[in-house]
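Welcome! Take a moment to look over the sequence and the 3D structure before reading on.

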Amino acid sequence: MAILRKILLVEDSKFDVQLVKLAMEDSNIQNELMCLKNGSELLEYLQAYGYSEIAFIMMDLNMPKLSGIDVLQRLQEMGHKINIPIIIFSSSQQPSDVETCYRLGANAYVVKPVDGIEFANTVQTLAQFWANVNIIPPNS
Amino acid sequence: MNYSFTKEKLISASKEDLLHTIRQLQEENARLKAEKDEAQEALALAEASTAYIKAELQDVNFVFKEILESSMAGYWDWHMVEDYEYLSPTFKKMFGYEDDELINHPSSWQKLIFQEDIPVVFGKFQEHVASRGKVPFDSVARYRHKDGRTVWVYCRGRVVRWGKDGSPERIVGSHIDISVLKEVEAELKAYNVKVNELNDELARKAQLLEVSNAELERFVYSVAHDLRSPVRHISSFSQLLTRRAAHKLSELEKGLLDNIITSINRLGQLIDELLEYARMGNKELNYEEVSLDKIVKRCLHTLGYMMQGREIELKVENLPTIWADELMMEQVFLNLLSNAIKYTGREELAEIKVVGRETPTAYEIVVEDNGAGFDMSYQHKLFAIFQRLHDVDEFEGVGVGLANVQRIIQRHEGTIWAYGEEDKGARFHFTIPKKEV
């Protein structure tokens with residue numbers, strides 16, 4: 001059996017991190033959840049380890065230092081050929097944010113549900129789909 | 001006839017001849033006498049005519065002066081060669097002087113006129129002279145009244161006699177006091193300046209208001225947005241706690257936790273609607289052709305969950321295709337229709353009607369229901385943000401929906417109004433002006 005790729009969570013709010021962790025614990029998803037606190041940490045990680053161990057990236061928009069949109073922009077500028085999905089998981093419902101993210105190469109845009117149960121369900125659905133249903137090129 | 005008599009002729013002339021000559025002389029004398037009489041008669045006649053014409057002229061002159069004087073116009077008659085200028089009594093009176101207080105000479109008015117106005121007057125006069133009278137001579141100048149005030153005079157004149165070398169010899173003209181006109185003009189000018197100032201002030205205030213409104217909306221948006229995360233966390237953690245610790249909690253404790261969740265969810269909903277409201281104010285309108293019929297169908301589909309298990313008679317009639325922002329129009333109908341569905345919740349058979357009408361300049365849409373309605377005396381609160389006319393326990397909601405609807409309609413330059421009666425139903429009307437496509 002192949003090694004399960006990691007789910008990379010880029011999120012500055014420790015509460016949201018905990019909510020995602022709890023949601024994952026309550027599910028039967030086996031992928032490891034790795035948490036990074038902001039965009040800079042993500043870029044550092046990618047520079048050091050590349051993409052090979054990642055199933056998908058789940059990223060908040062509003063973060064200190066490098067925001068989600070900044071990260072998307074940097075990745076595009078750096079000309080990275082990214083073959084792993086980037087899912088924006090944000091509390092912003094601003095249409096302009098949604099538009100910008102897709103333009104900068106995000107694969108999905110999901111608004112964090114206010115309802116706790118719904119939040120957990122959404123995280124589980126996302127993890128299930130992007131880590132286990134969706135297929136990415138093997139060499140990425 | 002030759003009347004020279006020589007000695008020779010006298011000698012040679014016969015008596016007959018002499019008599020003949022005498023007769024001739026007598027005839028000639030009579031004829032001359034007749035001619036003289038005739039001439040004397042003609043002269044007498046001419047004298048009489050002259051007297052008559054003179055009298056007539058005097059009369060005309062009198063009438064002319066009367067007219068001028070009574071019209072309050074001063075009259076002047078400048079004999080340049082003789083260095084004399086007649087100045088009429090009214091002319092002098094205009095500046096506060098009696099007839100005998102100013103001599104009839106150009107120096108009289110040249111002392112009274114504002115020195116800085118002299119070049120203007122003379123310039124105008126030069127033009128008149130240079131054009132041999134074709135360009136009329138008229139000018140406006142200020143004079144100093146005897147009591148010190150300024151008299152504005154409109155002066156108009158004409159050269160009536162030219163010298164052989166083309167120089168003016170006699171000019172006549174009139175003076176009209178236009179001080180009152182000038183006062184009114186000045187007042188009008190001041191008034192206009194004031195009006196312009198007020199307009200500028202108004203425009204500036206409107207702009208400030210717009211800026212502060214926009215700032216307020218951005219502020220509301222950012223506050224609401226920042227509130228959203230903590231609210232979400234409270235909600236989520238309370239729910240997780242309920243789920244994980246339910247078996248350890250008493251019914252009362254579970255109830256308390258439930259209250260937290262209900263309240264926080266309501267706060268979340270409020271924030272979401274506030275965000276939506278702020279967004280609608282900031283967002284630019286994206287005008288396109290919008291089929292209201294399609295939008296209403298889509299909204300009814302979206303709101304299907306609210307209608308499950310309910311007896312609702314829906315009537316959608318005559319909805320036009322209009323020029324509007326599609327997303328915003330969808331918001332309008334989502335709000336009005338969900339209200340209609342919500343407030344007919346207690347009716348056995350709910351009736352909801354959506355009807356379109358057309359006027360020459362606008363489309364009018366009416367959304368009507370037979371639900372809980374409202375008291376018309378609270379009409380002013382209907383569209384105000386966070387205002388509710390029913391208890392939350394009775395009908396849920398946070399009081400942003402209709403405020404948002406009104407704002408969207410207003411941003412489309414339309415109007416919205418409503419009629420209602422408690423327990424009879426409510427009827428919402430709104431208009432969207434027709435636009436050139």
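## Before you start

This is a predicted model, in which local features need pLDDT of at least 70 and side-chain atom pairs count only at pLDDT 80 or more, while totals for chains, interfaces and linings use all residues. Residues are numbered from 1 along each chain as its sequence is written, chains are lettered from A and ligands numbered from 1 in the order in which they are written, and side-chain values use heavy atoms, leaving out hydrogens and water.

## The sheet of chain A

Helices (H or I, at least four residues) and strands (E, at least two) are DSSP runs, numbered from the N terminus. Two strands pair if DSSP finds at least two bridges between them. In chain A, 5 strands make an open sheet with parallel pairing, in the order β2-β1-β3-β4-β5. Its edge strands are β2 (33-36) and β5 (108-111) of chain A, each of which pairs on one side only. From one strand to the next, the twist averages 20 degrees; axes are lines fitted to C-alpha atoms, for helices over the stretch in contact, and angles run from 0 to 180 degrees between N-to-C directions.

Helix α2 (residues 39-49) of chain A packs on this sheet and touches β1 (6-10), β2 and β3 (54-59) of chain A, where contact means heavy atoms within 4.5 Å. The direction of α2 makes about 145 degrees with that of β1(A). Strand β4 (residues 86-90) of chain A runs parallel to β5(A), joined to it by 4 bridges. S90(A) has V111(A), in β5(A), as its bridge partner.

## Strand β10 of chain B and its partners

Strands of a sheet pair through backbone hydrogen bonds, either parallel or antiparallel. Strand β9 (residues 350-358) of chain B pairs with β10(B) in the antiparallel sense over 7 bridges, and the two form a hairpin with 3 residues between them. The bridge partner of I352(B) in β10(B) is D369(B).

β10(B) also pairs with β12(B), in the antiparallel sense over 8 bridges; here I365(B) has F430(B) as its partner. Of the 8 residues of β10(B), 7 are buried, so this strand is largely enclosed by the rest of the structure. Buried means under 20% relative accessible area, exposed over 50%, and partly exposed in between (1.4 Å probe, protein chains only).

## The largest pocket

On a 1 Å grid over the protein atoms alone, a pocket is an open set of points with protein on both sides within 12 Å along at least five of seven lines, a cavity is a set where a 1.4 Å probe fits but cannot get out, and lining residues have an atom within 4 Å of a point. The largest pocket has a volume of about 1,400 Å³. Its lining has 48 residues, and the closest to its centre are Q269(B), E273(B), N335(B), S338(B) and G401(B).

Which element gives the most to this lining? It is α10(B), with 11 residues.

## The largest cavity

The largest cavity has a volume of about 140 Å³. Of the 13 residues that line this cavity, the closest to its centre are W76(B), W78(B), W109(B), V121(B) and F137(B). The largest share of the lining, 3 residues, comes from α5(B).

## A residue in a helix

A214(B) belongs to helix α6 (residues 179-245) of chain B. This alanine is partly exposed, with a relative accessible area of 24%. A214(B) and A278(B) are 64 residues apart along the chain, and their C-alpha atoms are separated by 9.3 Å.

How values were computed. Grid points are joined across faces, edges and corners, and a volume is the space filled by probe spheres set on the points.
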